[in-house]
Amino acid sequence: MKTISLEQAVGLIPDGASLMIGGFMGVGTPERIVDEIVRQRKKDLTVIANDTAVPGVGIGKLVRAKLLRSAVVSHIGLNAETQKQMMSGELDVQLVPQGTLIERIRAAGFGLGGILTPTGVGTIAERDKRHVELNGKTYLLEPALAADFALVHAFLADYLGNLSYALTARNFNPIIAMAGAKVIGDADNIVPIGVIAPDHVMTPAPVVDYLVMNA
Amino acid sequence: MDAQNIIARRIAQELSPGMLVNLGIGIPTLVANFLPKGMHVFFQSENGLIGTGPIPEEGMAHPALTDAGGHPVAALPGASTFDSAMSFGLIRGGHLDLTVLGGLQVDQTGRLANWMIPNKMVPGMGGAMDLVSGAKRVIVAMQHTAKGVSKLVKNCTLPVTSVRPIDLLVTELAVIGFPNARATLIETAPGISAAQVLAVTDAELVAPTHIPEMRQ
């Protein structure tokens with residue numbers, strides 16, 4: 001794990017990159033990394049995340065700045081700007097059931113090719129998906145989903161990069177930390193090694209490539 | 001009492017101690033207000049919380065403790081938090097006893113449409129498809145009609161949320177079950193006759209000779 005400045009961290013991201021970003025309605029999103037992406041005007045990004053929050057918050061900032069080419073998310077109902085850009089064709093939005101989205105990400109991070117889920121069978125979410133019959137039940141074959149970068153927000157990070165999350169800000173964060181080719185961690189608090197007890201480490205240090213330094 | 005609270009109060013009768021329950025947004029959220037006194041139920045928020053409590057007092061909200069809409073909540077003693085894979089493992093894996101969801105349409109076989117109106121409202125399905133596919137029991141809280149049009153229909157014209165039929169529909173007029181994939185009147189609201197329910201229902205609705213009054 002390398003410690004890195006905010007500017008350097010975002011500097012690693014090329015235009016056109018795919019980014020997994022933690023957060024659920026903006027809670028648990030690495031807000032200052034998002035702000036820096038906007039400042040450096042990274043373009044044609046693909047975002048994979050639970051939602052696009054509300055206008056001007058979290059991932060909503062990337063939508064507002066029109067930096068996204070595509071978004072793979074489960075919900076955009078509370079962000080009218082995302083819906084508007086989708087309707088006008090500016091932004092390609094793929095809507096995925098939330099449980100399927102997180103499992104596709106988990107599969108990628110855990111070395112699996114995909115998952116079988118009953119969710120979406122017989123609905124328009126099954127479009128172009130292969131059906132698999134197993135033990136008398138019908139499932140959709142959903143492929144694993146990886147990304148160039150995972151942008152992870154933690155409550156605590158130690159000097160090695162062990163991460164721990166707070167309350168409902170955990171959500172997608174520990175799962176995307178396994179599925180990004182490069183993992184950039186950002187924490188509310190950077191603490192000495194040992195402050196996070198082994199049982200309380202939720203993302204082990206070796207999966208974190210970069211930890212963003214305090215300003 | 002208004003229609004929404006009549007529905008929520010009736011659904012609260014379906015709760016029993018120790019259940020794990022997920023309440024959707026809208027009318028379902030009101031169900032928690034009618035939890036029988038002294039009964040302990042685990043409420044799940046799919047963003048990663050079991051033990052969702054009321055809105056914190058002013059000045060006590062924590063930015064990392066929210067419901068699935070991103071609004072501040074409290075966590076009750078005995079609460080637990082977890083990531084989204086665990087949250088949907090609970091939902092899909094047969095661990096969730098009950099989900100209560102809002103509805104746009106329910107058809108006469110019990111299929112629910114509640115996540116989009118093509119070309120008009122495309123919010124995304126969020127967790128709805130997983131909830132209907134995975135919960136042990138699915139109850140829909142929905143007003144009987146919208147602008148005078150029945151929401152209990154012969155066939156859903158809107159995209160369905162799941163092919164798994166719901167277990168119970170509660171409207172301000174009636175409680176409806178789906179035995180043998182046929183919408184069946186189970187209870188009618190106080191002062192409402194079966195004939196009055198049938199008159200405002202598009203779906204074929206089985207009406208037994210004796211229909212008890214809605215429990216409350």
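In which hand does H5(A) pass H3(B)?

1. The model is predicted. The predictor assigns the complex an ipTM of 0.97 and a pTM of 0.96. For chain B the average pLDDT is 96, and 100% of the residues score at least 70.

2. At the interface, 36 residues of chain A are in contact with 33 residues of chain B. On the chain B side, helix H3 (84-92) and helix H4 (128-134) each supply at least two residues. The most comes from H3(B), with five residues. Sorted by class, the side of chain B that touches chain A has 15 nonpolar, 14 polar and four charged residues.

3. To the opening question: the crossing of H5(A) past H3(B) is left-handed.

4. By class, the contact of H5(A) with H3(B) holds four nonpolar, three polar and three charged residues.

5. H3(B) is largely enclosed by the rest of the structure, because seven of its nine residues are buried. The buried residues are B:Ser84, B:Ala85, B:Ser87, B:Phe88, B:Leu90, B:Ile91 and B:Arg92. In chain A they pack against H5 and helix H6 (173-176); in chain B they pack against strand E1 (20-23), strand E2 (42-45) and H4. After H3(B) comes B:Gly94, with a positive phi near 85°.

6. Two residues of chain A other than glycine deserve a note on phi. For A:Met25, phi is positive, near 50°. A:Met25 sits in the loop between strand E2 (18-21) and helix H2 (31-40) of chain A. Is A:Met25 buried or exposed? A:Met25 has 27 other C-beta atoms within 10 Å, and the cut-off for a buried residue is 20 or more, so A:Met25 is buried.

7. A:Asn135 also has a positive phi, of about 50°, although it is not a glycine. The loop that holds A:Asn135 lies between strand E7 (130-134) and strand E8 (137-143) of chain A. A:Asn135 has 5 C-beta neighbours inside 10 Å and therefore counts as exposed.

Definitions and conventions
Residues numbered from 1 in each chain as written. Chains lettered and ligands numbered in written order. Predicted model: local features only at pLDDT ≥ 70, side-chain atom pairs only at ≥ 80, totals over all residues. Contact = placed C-beta atoms within 7 Å. Helix = DSSP H or I, 4+ residues; strand = E, 2+ residues; numbered from the N terminus. Nonpolar A, V, L, I, M, F, W, Y, C, P; charged D, E, K, R; others polar. pLDDT = per-residue confidence, 0-100. Left-handed = near helix turned anticlockwise from the far one by under 90°. Buried ≥ 20, exposed ≤ 12 C-beta atoms within 10 Å, placed from the backbone.
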